[in-house]
Amino acid sequence: MERVILIKYGELTTKKGNRNFFVKTLSENVAHQLRTYPVTITKDLSRMYITFQEEHLDAILEAINRVFGIHMYHVAYKMKTDMKMIEETILQLAKEQKFSTFKVEVKRSDKSFPLSSLEFSAHLGGHLLKNIPQIKVDVHRPEVLFQVEVREGYSYLYSNAYEGLGGYPVGTQPKGMLMLSGGIDSPVSGYLAMKRGIKLEAVYFEALPHTSLEAREKVITLTRKLSKYTKQINLHIVPFTKLQEAIYQNIPSEYNITIMRRMMYRITEQLAKRYKALAIINGESIGQVASQTLHSMSVINSVTSMPVIRPVACLDKLEIIDLAKKIDTYETSILPFEDCCTIFVPKHPVINPNLEDCFKFEKNFDYETLIKETLAQVFTIKVVEEEQSTYQDLL
């Protein structure tokens with residue numbers, strides 16, 4: 001008899017014909033998270049099993065909790081499908097815990113086993129009552145739920161349950177390009193996009209010397225915090241100074257943010273196409289600032305035909321902050337280093353911009369040449385959680 005980690009897939013079980021692909025991707029992601037531990041991973045279409053060394057259990061559970069696509073996981077006893085052995089194990093497990101009420105649930109997939117699921121549940125419950133007289137059965141709200149899975153060859157017994165992150169494994173969807181600022185919202189959007197299986201690349205706009213190198217390091221740190229849920233994230237740094245200064249010099253101040261965001265969308269779309277991403281992802285939340293009213297979103301969004309995913313669009317700020325704290329990005333996001341979206345902010349930005357006015361104002365300068373020059377100067381940082389990020393020219 002040994003202890004194993006038993007993983008339940010949850011939403012993956014709805015995939016039917018594609019389930020093999022989803023389970024394979026999940027297995028690869030689990031293996032990546034556990035690559036430094038001596039574990040063995042086996043899987044079928046409904047469960048995954050991990051053998052481990054006891055001294056690594058806490059660290060392994062923490063690592064598993066960074067993998068999307070897991071509904072629930074348990075530390076279970078694995079034993080031969082033998083009635084006597086299951087009786088002895090459940091009694092041993094019960095004696096190790098303090099409780100007054102309990103329930104036993106059995107799922108029997110081995111039809112050669114002599115008792116049905118309900119019969120074996122009652123049998124094991126009676127076995128516990130006989131040997132631990134101070135406890136009683138409560139089928140509605142038990143303090144401890146003993147679960148037994150009777151399978152051909154081996155059975156599994158557990159009384160613990162750990163909630164997984166849910167969603168789909170990262171990599172079951174194509175890449176998306178995350179517009180990552182140093183704020184609170186965009187890292188949360190990246191996290192939620194990964195939860196739906198999207199593999200991320202990220203783009204950060206900086207305008208040195210108006211923005212600082214500390215602001216860049218802040219965004220690298222945020223990217224590193226997101227990368228713990230995946231294998232790596234390529235962060236594309238866009239030198240935005242010339243474009244931003246041209247906007248400031250040639251565009252009426254109330255339209256500065258609107259035109260700036262239109263330029264950012266154009267550049268992000270080009271980078272997405274370059275790196276084979278199929279969508280733009282950002283942290284826009286409806287009505288939060290002037291550029292995020294529905295009027296503004298419509299005008300800004302019109303420069304791209306690429307799908308734009310806004311995972312936090314309908315969340316209020318407190319909900320977004322709660323998620324940021326959960327994923328450990330909040331304290332980094334509130335560090336006081338300004339990004340492109342917070343410098344040159346006019347006193348009265350337009351909240352209902354007119355698309356025809358945007359066309360007219362954009363004729364005031366040669367933005368297409370500036371965009372080409374900017375794209376030629378983009379550089380990339382390969383960001384991984386546990387290692388020093390490396391600057392790479394991936395163009």
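How many of the 5 residues of strand 13 (residues 277–281) are buried, and what follows for the strand?

Analyst: A word on the source comes before the answer. This is a predicted model.

Start with strand 13 itself. Of its 5 residues, 4 are buried. A residue counts as buried when its relative accessible area is under 20%. Strand 13 is therefore largely enclosed by the rest of the structure.

Now look at its partners. Strand 13 pairs with strand 10 (residues 168–179) in the parallel sense, over 3 bridges. Find Ala277 in strand 13: Lys175 stands opposite this residue. Strand 13 also runs parallel to strand 14 (residues 308–309), and 2 bridges join them. Here Ile281 stands opposite Ile309 of strand 14.

The pairing has another sense, though. Strand 8 and strand 4 (residues 72–80) pair in the antiparallel sense over 4 bridges. In that pairing, Lys80 has Tyr154 of strand 8 as its bridge partner. Strand 7 (residues 144–150) and strand 8 are also antiparallel, over 4 bridges. There, Glu149 has Tyr156 as its bridge partner in strand 8. Strand 7 and strand 8 form a hairpin with 3 residues between the strands. In this hairpin, Gly153 takes a positive phi near 95°.

Tyr154 has a further contact. The charged end of Lys78 sits over the ring of Tyr154, 4.5 Å from the ring centre. A second contact of this kind involves Lys325 and Tyr330. The charged end of Lys325 sits over the ring of Tyr330, 5.1 Å from its centre.

Rings also meet other rings. The structure holds 14 aromatic pairs. Take Phe21 and Phe22: their ring centres are 5.6 Å apart and their planes are at 80°, so this pair is edge-to-face. The cut-off for that label is an angle over 60 degrees. Phe22 is buried, with a relative accessible area of 7%. Phe21 is partly exposed, at 42% relative accessibility. Now consider Tyr191 and Tyr229. Their ring centres lie 5.2 Å apart with planes at 75°, so this pair is edge-to-face as well. Tyr191 belongs to helix 5 (residues 185–195), while Tyr229 is in the loop between helix 6 (213–227) and strand 12 (233–239), so the pair ties together parts that are 38 residues apart in sequence. Tyr191 is buried, with a relative accessible area of 2%. Tyr229 is buried too, at 9%. Ring pairs also link Phe21, Phe22 and Tyr168 into a cluster.

Finish at the surface. Leu129, Val137 and Val139 form a nonpolar patch there, with about 220 Å² of accessible area together. Val139 lies in the loop between strand 6 (136–137) and strand 7. At 47% relative accessibility, Val139 counts as partly exposed.

Back to your question. With 4 of its 5 residues buried, strand 13 is largely enclosed by the rest of the structure. Its parallel partners include strand 10 and strand 14.

Technical notes
Residues are numbered from 1 along each chain as its sequence is written. This is a predicted model: local features need pLDDT of at least 70, side-chain atom pairs count only at pLDDT 80 or more; totals for chains, interfaces and linings use all residues. Side-chain values use heavy atoms; hydrogens and water are left out. Two strands pair if DSSP finds at least two bridges between them. Patches are made of residues with over 30% relative accessible area and no salt bridge: like charges are joined within 9 Å, nonpolar side chains (Val, Leu, Ile, Met, Phe, Trp, Tyr) within 5 Å. Accessible areas come from the Shrake-Rupley method with a 1.4 Å probe; for residues, only the protein chains shown count as cover. A salt bridge is a side-chain nitrogen of Lys or Arg within 4 Å of a carboxyl oxygen of Asp or Glu. Buried means under 20% relative accessible area, exposed over 50%, partly exposed in between (1.4 Å probe, protein chains only). Rings of Phe, Tyr and Trp (its six-membered ring) pair if their centres lie within 6.5 Å; planes under 30 degrees apart count as stacked, over 60 as edge-to-face and the rest as tilted. A charge sits over a ring if NZ of Lys or CZ of Arg is within 6 Å of the ring centre and within 35 degrees of the ring normal.
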